[in-house]
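This report goes through the fold of one protein chain, element by element. Please keep the sequence and the model open while reading.

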Amino acid sequence: MAQIELRLSSKVQKETKMCEVLIRFFQGTKFNTRAKSGIFISPEYFEYYIDRAKTEKNDVKVPANLATVTQEKADKNNYVLRQSGLIVIKQRLETPDVKYHREQANRLDELKKTIIETYESNRDENVTSEWLQLVCDKFVNPDKFIVRAKEQKSFYVLAEEYIAKRKISYAHAKVFRVLMREVARFEGYLRAKEPGYQNFVFDINTVTRKDIENFIEYLRHEYSLSQENPDLYKQLLTEYPASVTKGNCKLEDRGENTVIKAAKRLKSLFLWFYEEEYTRNRPFDGINIGTEKVGTPYYITIEERNTIAETDLAAAYDAMSEEDRKGISKIHLPEYGVQRDIFIFQCFVGCRVGDLLNLTPGNIVDGILTYTPHKTKDNGDQAVQARVPLHPKAMELVKKYEGVSKQGMLFPFISAQKYNDSIKKVFKMAGITRNVIIRNARTGENELVPIDTVASSHLARRTFIGNAYFKVSDPNLIGKMSGHVDGSRAFKRYRNIEDETLKSVIDLIG
């Protein structure tokens with residue numbers, strides 16, 4: 001049988017000299033949960049279930065005249081009424097203090113009754129400390145948990161509202177919709193496979209800290225679960241729920257960094273739900289998500305950049321072996337050349353690809369490229385304006401493609417994926433294939449791979465920052481051009497490169 005015990009917190013409020021009543025709800029070895037009641041009383045009005053010695057170890061003084069009063073003596077003299085562990089002295093003229101504590105005794109009785117009734121109404125519910133705290137919070141502050149009818153929207157509808165109201169960029173919105181599909185599959189998996197979760201709904205008002213922790217763990221193992229349950233995931237990937245799943249998608253084994261990023265996005269949603277007063281629920285409280293672990297950034301040198309810019313792609317292709325030509329189409333060499341020029345321009349300005357594809361001639365005034373990075377706006381950071389004086393070689397590329405884009409963009413940009421594919425091919429044709437150390441996102445281990453196989457648009461950004469850092473070593477100055485916010489941790493990794501270079505110089509003179 002489930003039982004409830006009460007005790008007092010050892011923390012005494014400075015102004016009221018009161019302590020909060022703490023709840024312990026337990027049943028043998030089945031569960032043992034604790035929560036704060038939100039009800040405060042003076043220590044001298046509380047009778048502990050534990051003995052006096054243990055009471056005083058908690059640094060709460062219990063006056064002897066009350067601590068030693070027995071129920072028998074109280075009944076005999078008719079001056080003490082015992083309620084919910086409180087001792088309330090009956091007096092002919094009831095003082096405000098006594099009246100307050102009598103009311104709190106009644107509230108504690110009602111709270112205990114509420115806890116038991118809530119538990120009895122659904123024995124399948126996962127009884128955790130988070131569950132108990134939610135029951136207590138709803139009892140003490142019921143108004144905070146009242147959601148107006150017009151606001152009773154699903155997690156998926158509210159996530160879309162977040163994207164719209166925060167004016168999230170298209171590229172960034174895509175990753176939030178990936179998260180929505182992950183939540184939907186988590187919901188569907190629990191309903192299908194976990195006992196007691198047949199009616200589980202990822203409701204923002206009822207989801208608990210334990211549910212969030214289970215979701216994070218689910219992300220780590222979803223790929224293996226899909227291999228074990230192919231029929232279930234065939235359905236989940238194509239049908240559940242129709243409002244957030246469009247077409248099919250392919251699951252891949254996730255690395256820890258990917259899991260952490262997804263958890264951070266979910267946390268940002270719940271913080272917004274709370275701030276917008278869609279819920280009083282804060283399931284992420286007490287959860288340590290962790291931080292992504294990244295390797296030391298690699299980038300190409302100025303000499304390598306110039307080699308790529310000056311390579312005659314047609315001649316380079318003709319000189320390649322049949323084996324090296326695999327995946328490279330000769331008829332697409334002109335297209336590769338255009339994407340190569342865009343990559344070189346990106347190396348001179350250091351912007352992210354999402355910002356690069358939105359640049360127009362209007363972003364250049366008096367030879368200075370000016371734009372507001374979308375990432376800082378999307379993440380709620382203080383918007384920063386990047387300002388980059390254009391190198392003469394960069395200006396030559398701007399003039400070369402002036403008026404070429406039918407959409408009025410600075411360059412005739414194709415899709416981000418085709419852009420990255422073209423970069424890899426150009427690297428190979430230019431002979432930039434040296435090995436670099438990368439951190440495997442899935443395993444977390446360092447690996448040695450040819451740079452052309454991992455070259456991408458972000459390598460251009462790192463090339464700009466890395467080479468500029470070696471010349472200046474001032475992250476704030478470089479940040480004004482790259483669009484990093486003040487205090488960005490990104491530059492610490494470039495300092496690591498510098499330190500390694502300095503060490504190698506010392507080795508040369510040893």
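How many bridges join strand β2 to β3, and which way do the two strands run? Eight bridges join β2, residues 19-27, to β3, and the two run antiparallel.

## Overview

The model is predicted. Its chain has 510 residues, of which 42% count as buried. The secondary structure amounts to 22 helices and 10 strands. Taking contacts between residues at least 6 apart in sequence, 61% join residues at least 24 apart.

## The three-stranded sheet

Strands β1, β2 and β3 form an open sheet in the order β1-β2-β3, with antiparallel pairing. The edges are taken by β1 (3-8) and β3 (31-41); each has a single partner strand, so one side of each is left without a neighbour in the sheet. On average, neighbouring strands are turned by 25° against each other, direction ignored. Within the pairing of β2 with β3, Ile23 has Ala35 of β3 as its bridge partner.

Two helices are placed against these strands. Helix α4, residues 96-121, packs on the sheet and touches β1, β2 and β3, and its direction makes about 155° with that of β3. Helix α5, residues 129-140, lies across β2 and β3 and runs at about 25° to β3.

## Packing of α7 and α8

Helix α7 (residues 170-193) packs with helix α8 (residues 209-228) at an angle of about 90°, and the axes are 10 Å apart. The two helices are therefore roughly perpendicular to each other.

On the α7 side, the contact is made by Leu179, Glu182, Val183, Arg185, Phe186 and Tyr189. On the α8 side, the residues are Asp211, Asn214, Phe215, Tyr218, Leu219, Glu222 and Leu225. By class, the residues of this contact divide into eight nonpolar, one polar and four charged.

In soluble globular proteins, nonpolar side chains tend to be buried together. The largest nonpolar core of this chain has 49 residues, and those with the most contacts inside it are Ile308, Phe343, Phe345, Phe427 and Met429. Elements that each supply at least two residues of this core include the helices α12 (313-319), α14 (333-349), α17 (392-400), α18 (416-430) and α20 (457-472), together with the strands β7 (368-371), β8 (386-389) and β9 (435-439). The largest share, nine residues, comes from α14. Apart from this core lies another, of 45 residues, with Phe186, Tyr218, Val259 and Tyr278 among them.

Which residues does Phe427 contact, leaving aside its neighbours within four places in sequence? They are Ile300, Ile308, Phe343, Ile432, Thr433, Ile451, Asp452, Ala455 and Leu459.

## The hairpin of β9 and β10

Strand β9 is joined by five bridges to β10 (residues 446-450), and the two run antiparallel. Val436 stands opposite Val449 of β10. The hairpin has six residues between the strands, and Gly444 takes a positive phi near 80°.

## Thr370 in β7

Thr370 has its place in strand β7. Is Thr370 buried or exposed? Its relative accessible area is 18%, and buried means under 20%, so Thr370 is buried. Not counting residues up to four places away in sequence, Thr370 touches Asn363, Gln385, Ala386 and Arg387.

Terms used:
Residues are numbered from 1 along each chain as its sequence is written. This is a predicted model: local features need pLDDT of at least 70, side-chain atom pairs count only at pLDDT 80 or more; totals for chains, interfaces and linings use all residues. Side-chain values use heavy atoms; hydrogens and water are left out. A nonpolar core is a set of buried Ala, Val, Leu, Ile, Met, Phe, Trp, Tyr and Cys residues joined through side-chain atoms within 4.5 Å. Buried means under 20% relative accessible area, exposed over 50%, partly exposed in between (1.4 Å probe, protein chains only). Helices (H or I, at least four residues) and strands (E, at least two) are DSSP runs, numbered from the N terminus. Contact means heavy atoms within 4.5 Å. Two strands pair if DSSP finds at least two bridges between them. Axes are lines fitted to C-alpha atoms, for helices over the stretch in contact, and angles run from 0 to 180 degrees between N-to-C directions. Angles under 35 degrees count as roughly parallel, over 145 as roughly antiparallel, 65 to 115 as roughly perpendicular and the rest as oblique. Ala, Val, Leu, Ile, Met, Phe, Trp, Tyr, Cys and Pro count as nonpolar, Asp, Glu, Lys and Arg as charged, and the others, Gly among them, as polar.
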